[in-house]
Structures are given as C-alpha cells and as structure tokens.
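Have a look at the model, then follow the points below.

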Amino acid sequence: MTERLEAIAVRFREVEEALADPGVARDQGRYRDLMRERARLAVIDEAHREWLSVIEGIEGSKAIARDESDQEMRELARDELRELETRREALEARLRELLVPRDPLADKSVIVEVRAGTGGEEAALFAADLFRMYSRYADKMGWKVEILDSSETGLGGFREIVFSVNGEAVFERLRWESGVHRVQRVPATEASGRIHTSAVTVAVLPEMGETEIDIRDQDLRIDVMRAGGPGGQSVNTTDSAVRITHLPTGLVVHCQDEKSQIKNKAKAMRILRARLFELEDGKRQAERAAERKSMVGSGDRSERIRTYNFPQNRLTDHRIDLTLYKLELCMEGDIDELVDALVLNAREELLHNGGE
C-alpha cells in the first residue's frame, strides 16, 4: 500500500504542475480531465498525509512511554498512543477503500432507456414516473438531462423514453438502475380499487464518443420517414424521423423528437454507439466475473432489481435487501440513500475481491 500511495503522491504533483501550464488551460478537454483527476487524487493525498502524521505521532508517543522518567507523562503518552492507533486503523481502512481501482467509465455521461413492460397503460404511466424521478435526482446533483427519443401514450405515459444524463460521476451512480422495476399500486383508471402489478425495464448505458466506437458508414442503413405521435407543427408533414440499422449486429435505433432530420440522426448515432458498446461489453463479462457476480447484480435488464409498493409507501431493492418507507419522497428524486447504498456495496465487493 505504501508504494501505491507514494506513486499517487508523485502523480498528484505532476497533475498540479500540468494544470499550471497555460497551454493545458487552453485545451478545455484535457484541462477538464486533469481537474477531475486532481479532485480524486487530492482526497487520497490528504488521507495519506494524515496517515503519515499519525504514524509520526505514534512513534513519538512510543518513545515517551518507553523513555520518560515521569510516571504521569508516561501514562499520558500511553493514552495518546491508544487514540493514535485507533486513528491509524481507521485511516488505513479508508485508504484501502480509496485505492480500489476506479471504473474508467465512472465519469461517463449515460444514455438511459426506460420502457414500459407488462401492465399496459399503467406500466407506461410508471415509466413516466421513473423518468421524472431520475430528472429530479439529476437536478439535485447538478446534472443535465436531454431527451433523445420518446413514444408517448394518450394518458401521459411513455411506451419508451430515451434520454442522456451528463455530469460528474453519472455512470458510477446511475449504473445500478439497470434492470426490471416492479410497481404495485392502484391505477387511476381502476374503479374497484384493486392493486395492480406492472413492470418497467431500465437500461443505463455509458455514452461513448465517436473515437471510442468505430462505426463504418457501409455498415449502416439509414431510413427517413415522417414523424408519428401526438400532433404538432411539422409532425407528419416532413421526413424528419430517422431510423438507423447497424447491419452487422441488426441493432435498430429510431429518433423522431427533433424537427430536424440532421439532429435526429445525430441523436440516433449517440444511442447506437452506446448500444454497440453494451453489446461488446457483454462479450467481455466473463473477464470481469468478480464484479458481475457482486451482490448488486449484473445490471442485466432481465433481472428484477426493485419493487415500488405505493399502498405501503415502500421501496425495496432486492439486490442489497434495502427497504425504505419513503416511496413518495423517492419518486420526487430523493434517492441519495438508495444510490449511496448501492455504490458502497459495489465498493465493498471490490475490496472483498482484492480490487479486481
């Protein structure tokens, strides 16, 4: 651990020197990446310095307890030594946690796909509720949400809604939302007051840049058509909707939210890159078995991860056996406790597996 901490201290100084270079400041992309790296390294560097200070204090207290002729001073030194030993243990546990390799995708923006499953209109309404929950949470976190594509129902629900979220540590915090979300409540259209069970699937995909996923033009079939859905200016009057088919994989992406064909194509390509990465990442799952077998699950969309029970105001995450009796607040975006628990559990699993 000592060698890794010393290497991090060296890298921290290198990053600070680079940030002081005017040339780096002009390169906004590199400057932003270095600032993010500095923020992460600074936390480790501060804990490392505190640990070194405590080690120095322990050595001094040991010397006093061993060599001091005054009995009272020796007792004081022993008391201080016990306190410092406790602090050292806590700091070493903290440093081990900080040294767990951070997922290189942690700071990626994400594309979230929410689709109504079993339950008809009630599932579509809950899909809209989940989108609202994630949007409210993103606002709290200072993240930016952009709708990429959507398919609305007549009652204000979504058969499907695809949106991007951009900000600090977005993928790290939202990745565990992938899976089947089950809802139990009395639908507004239910006259007899019976509780219905519906399901919505969520996929959280890291958004990849053009240089990160190579897509050849000859591998694409691009079709344009008139947009469908609720009325409005330009709807069904211009060929603005775009459907892109990736021929080697058969993946199909459709976008129609924008009036501009060019903008719809750009959004469709963003979604396609994310889905292609997910496809390739799935092939590499065997190489990351330790992480994928963690208690937070594989993130497979076929896996039921959570139940929202409205009559009992209860939210239960089945992967970590966490139950919260504040569902109304959660649906307003107050999901910090839930997200923190999932992120912490993932880190503990990595620590248990030696950081692999």
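Let's start at one pair of residues: threonine 316 has threonine 323, in strand S11, as its bridge partner. This is a predicted model, in which local features need pLDDT of at least 70 and side-chain atom pairs count only at pLDDT 80 or more, while totals for chains, interfaces and linings use all residues. Residues are numbered from 1 along each chain as its sequence is written, and side-chain values use heavy atoms, leaving out hydrogens and water.

**The sheet as a whole**
- Eight strands form an open sheet in the order S2-S3-S1-S5-S4-S9-S10-S11, and their pairing is mixed.
- S2 (144-152) and S11 (322-324) are the edge strands, each with a single partner strand, so one side of each has no neighbour in the sheet.
- On average, neighbouring strands of this sheet are turned by 15° against each other, direction ignored (axes are lines fitted to C-alpha atoms, and angles run from 0 to 180 degrees between N-to-C directions).
- Strands here are DSSP runs of E with at least two residues, numbered from the N terminus, and two of them pair if DSSP finds at least two bridges between them.

**Around strand S10**
- S10 (residues 314-317) is joined to S11 by three bridges, and the two run antiparallel.
- With S9 (residues 304-309), S10 pairs in the antiparallel sense over four bridges; arginine 306 has aspartate 317 as its bridge partner there.
- The S9 and S10 hairpin has four residues between the strands, and its asparagine 313 takes a positive phi near 50°.
- The hairpin of S10 and S11 also has four residues between the strands, with aspartate 321 at a positive phi near 55°.
- Both faces of S10 are covered: Arg314 and Thr316 on one side, and Leu315 and Asp317 on the other, are all buried (under 20% relative accessible area, with exposed over 50% and partly exposed in between, using a 1.4 Å probe and protein chains only).

**Strand S4 and glutamine 184**
- S4 (residues 179-185) pairs with S5 (residues 196-206) in the antiparallel sense over seven bridges, and histidine 181 stands opposite valine 200 in S5.
- Glutamine 184 lies in S4 and counts as buried because its relative accessibility is 16%.
- Not counting residues up to four places away in sequence, glutamine 184 touches several residues, including His196, Tyr308 and Arg314 (contact means heavy atoms within 4.5 Å).
- The side chains of glutamine 184 and asparagine 309 are joined by a polar contact of 2.9 Å (a pair of N or O atoms within 3.5 Å; within protein, one must be able to donate a hydrogen and the other to accept it, and residues adjacent in sequence count only if both atoms are side-chain atoms).
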